[in-house]
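Visitor: I'm new to reading structures like this one. Could you walk me through some of its charged side chains?

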Amino acid sequence: MFPKFSCHTIRDGRINDGSVKAVLPGRSDHLRLARVGSCLVGCALLALAGCGKKEPIDEAKAAGKTTADFPQITDDIFKPMDGGIDLSSAEIMGRNTWNLWSGGNQHFWNQTAQDSFGLMDLLKMLDNRKFPRGERFKTLGLVNEPGFRTAGKPDEFGLWLDEQVQPEPEGIDQAVYGKPSGVLGFRLFPNPEFNEEARKKWDGDRFMNDPTYYNDNRLVRPYRVGVACGSCHISPNPSNPPEDPENPRWENLASAIGNQYINEGKVFACNVEKGGFFYEMLAAQPRGTSDTSRIATDHINNPNAINAIFLLAERERIAATEKVAGGTLALPGEKEDMSPIPHILKDGADSVGVAGATIRVYVNIGMFSEYWLTRHNRLIGLTPQKPFEIPYAREHSVFWRATEERLANVAAFFRRLKPFHLADAPGGSAYVTADTAVMTRGKEVFAESCAACHSSKQPPANIDPRSGEGKEWFRAEVMKPDFLENNFLSNDKRYPLTKIETNSARAFGTNAKAGHVWDNFSSVTYKELSPADELEFFNPFDETDELEFFNPFDETHPIKFQPKERDVAPGYYRTPSLVSVWSSAPLLHNNMLGKFTCDPSVPGRIDAFNDAIEKLLWPEKRPNKDSIWRTQTDCSLHLRKEFVPPELHVIRAMADNDGYIKVGMIPKGTPVNLVANLDPGSEHKVVFVKAVGKLVKLKAMKLSRDEAAAEFNQLIPDLLAANKCPDFIEDKGHYFGTDLPDTDKRALIEYLKTF
C-alpha cells in the first residue's frame, strides 16, 4: 500500500541516490515534522530505501576513546545559581552535567541541520542576525549567558555570534563540553568535517540569506552545536528574578525549574516559513512546552509543559514499586521489583527509576543517535518502531557510558532542589493575605478538597485519604507549621482520563508501549495498565454557521473515542506537583490554562497565576472551544525543492518560484490536530491513500481557493475517523473544587500562594 520506508543511514545524513531521508516539513527531536503533513507528503512523493550499518557505534567509540576521555567537572562552575546553595562534590558535578553535558549530541544536531529540509539549524538560531541577543528572551524564551554581549562584528567565519566579554569560570574542558555560545544550554564544538575545501565554500552571509546555499545538504558548517538539558530547564529564578530578562546575572538563574518561556518552534525550527502547515502547527504551540515525542513520532501533536524538578528525595520516599523486565534490567542497580520509581513525564511512562528516566532524556535529545535513529523511521513514522535496547547502548556507545557515570551525581543535585517561595521573592509578601482567618480557611479547603492527591504527606495506609477520617487527618496536618516542609504536593499516582478529563493527547502517546522505542524505559506495570474507558470529545465540526467546513455529524453527537480499540497508550496522567505553583502559570499539562505574560518578575508571575487559577476554579471563564488550535491562514504542506533527489525531476518541477513544492490546501480555521494526529497505522491505510490523492489533486487541478477548500472539507469525516486523538479542546478538565463557594475558592487561592 505504501512505498518502502527505511531506517536511516548511519554514516551519512544526506539524501543520495534513490533514498530520500525521512525529513519532510516538520520537526526533529526538539522538532518532529508536522506529523501527518510530513507523512502525507512522504507517502505521496518519496520512496525510501536502504538501511544503514547493522551495528552502529558512536563517534567516541569509533575514535577509540573511553569514558576517561570525558571527565566530569569538579569545580563549582555555577555557584551563584540556584540561590547560591552550598553543594557537595557529587552535587556540583551533577549540576555541571545538567547545565553543560551534551553527551555527544552535537553529532546529531549537525546532521539535523543538514538533512531537515532547511527547517532546523541551531547555528543559525544562535546568530544575532536571526534573533538579536537583546530580544532573545522575548522572542525565543532562551536565557542569555552572563559575560556576553551582542555581536559587534562577524567572527572569522562571518557569523554574528554573541561576543564573550568575561571568561567562563575555570575548569571547563572545551574539548569535552564545547565553548559557550552566549546562550545557556547550547555549546559550540569545532566541526571535524570543516576542512580546507569546506572553508573555501563557506560564506557566512549566504548562510543567513540565500536559501539555495543554506539548503544545500552538503553544506559543512564551521561549528557543531551541542545541546545540554539546561537548554530547556535553565530559567529565571522566581525568588530572585532579573531586572532585565535579556541580561540576567548568574544569581538570577535556576538550573532545573523548567523554562516556561521557551518558544520551541522558533528555537528548533528557525527556518520554517509562513504558508506551510508546520508553521501553523508551531505557531499554535504554547510557550514553555515541548513535545518529547518528536523525532520518534507517535503521530500525536502533544506539546506539554517542561517540568520543574523539586524535592527528589521526597518523591523517592513516596514512590511505588513497579515491575520491570527485559533490557531495562541492564541498567546498573535495576531489579525486577524496582523501587523507588518516581515519575517525571506527565503520563508516568518513565517508570524504571531515576537513572533510566534521566538517561532517556539524553537519548531523546540526540545522544547515540547513530543507533537511536535505526529504531524508528524518524520524523514521519509509518513503519513499526523498535525498542532502543539498553544493553546494546551500554556496549556500543562511549557517550552512553560516560553519561551513565554521571547519573548518580545528577540525582544528588536534584535532591538538593527546594521550592521557591513567594514570601522570599522581592515584594512577594504583599501578594499574600495577612488575614489569618482567610488563610486558615484556605488550609481547611485544601485539606478537604485537594490534599488527597496534592500532598506527599498522606494518612496511614489503613485510612482512605478521601474518607471522612482521611479529611480529618488532613485538617489536622495542614495546621502544623511543617506541613509544607519537604511536601512534594503530589501523591505521584496515575489517574485515568475519565477522572482527570484534561486534554488526552499526552496520555495517549505510544512511545513507551511494549515494542516501541522507549520499551526499555517503561515498566511492566505501566504497560499493563488497563486502558481508560470510552471518552467523549467535543465535535468542532457541528458549528457550521461559524466555520467553512462540511458538517459530517449531527450537532447532538460528540466524538466518541474508545482507547481500548485504538493504538494509543492507556490514557493516564500522574498527579502534578503544586510546588511553587504561584510561579509556574499557565497551568495544566499543556500550559493552556491562563494567559502567558513572558514576564518572569514577581508581578508578572502573580498576574499569570491569578488568571490561571481563576480559570481553573471558575471554568466558565475559560476560552473552552476557543482554545482549539486552528490554522490562522490557508496553508499547505511545504517541501524545499533542493532536498528532492535530481532523479525525481517530476516532483522538483512542482516547485513554485519561491522554491517550495506545495501540496494541498488546508483552509483557514482547520483544527491543527485534525491533520497532525492522523494515525498511519495499518487499519487506516485506506484513509491515508485517499488523503494523499486528494492533496495531490488540489495541486494538480489548480483549483480556486474555495474549490480547494471544498475538496479538503470532503476529507473531514475520514480524517476524524482515522485521528489518533480527536480531542481538540486544550484547556478543559480538572474540575475538582469548581463547586466550592466563591469565598472558599478565594481562601484556597491565598493558601496556594504560600506553596
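This is a predicted model: local features need pLDDT of at least 70, side-chain atom pairs count only at pLDDT 80 or more; totals for chains, interfaces and linings use all residues.

Visitor: Which residue forms a salt bridge with Asp744?

Guide: Look for a place where a nitrogen and an oxygen come together: in this pair the closest N and O atoms are 3.0 Å apart. Asp744 sits in helix H30 (residues 742-752) and its partner in helix H20, so the pair ties together parts that are 303 residues apart in sequence. That partner is Arg441.

Visitor: Is Arg441 buried or partly exposed?

Guide: Buried means under 20% relative accessible area, and exposed means over 50%. Arg441 comes out at 26%, so by those cut-offs it falls in between. That makes Arg441 partly exposed.

Visitor: How many residues apart in helix H20 are Glu444 and Arg441?

Guide: Their side chains meet in a salt bridge, 3.1 Å from N to O. Both belong to helix H20 (residues 436-449), where about one helical turn separates them. In residues, that spacing is three.

Visitor: Which residues are linked with Arg441 in a network of salt bridges?

Guide: Two of them have come up already: Asp744 bridges to Arg441, and Glu444 does too. The network also takes in Glu448 and Arg475. So, by the salt-bridge criterion, the residues linked with Arg441 are Glu444, Glu448, Arg475 and Asp744.

Visitor: How many salt bridges are found in the whole structure?

Guide: Another one joins Asp567 and Lys513, with the closest N and O atoms 3.1 Å apart. Searching the whole structure gives a total of 46.

Technical notes: Residues are numbered from 1 along each chain as its sequence is written. Side-chain values use heavy atoms; hydrogens and water are left out. A salt bridge is a side-chain nitrogen of Lys or Arg within 4 Å of a carboxyl oxygen of Asp or Glu. Helices (H or I, at least four residues) and strands (E, at least two) are DSSP runs, numbered from the N terminus. Buried means under 20% relative accessible area, exposed over 50%, partly exposed in between (1.4 Å probe, protein chains only).
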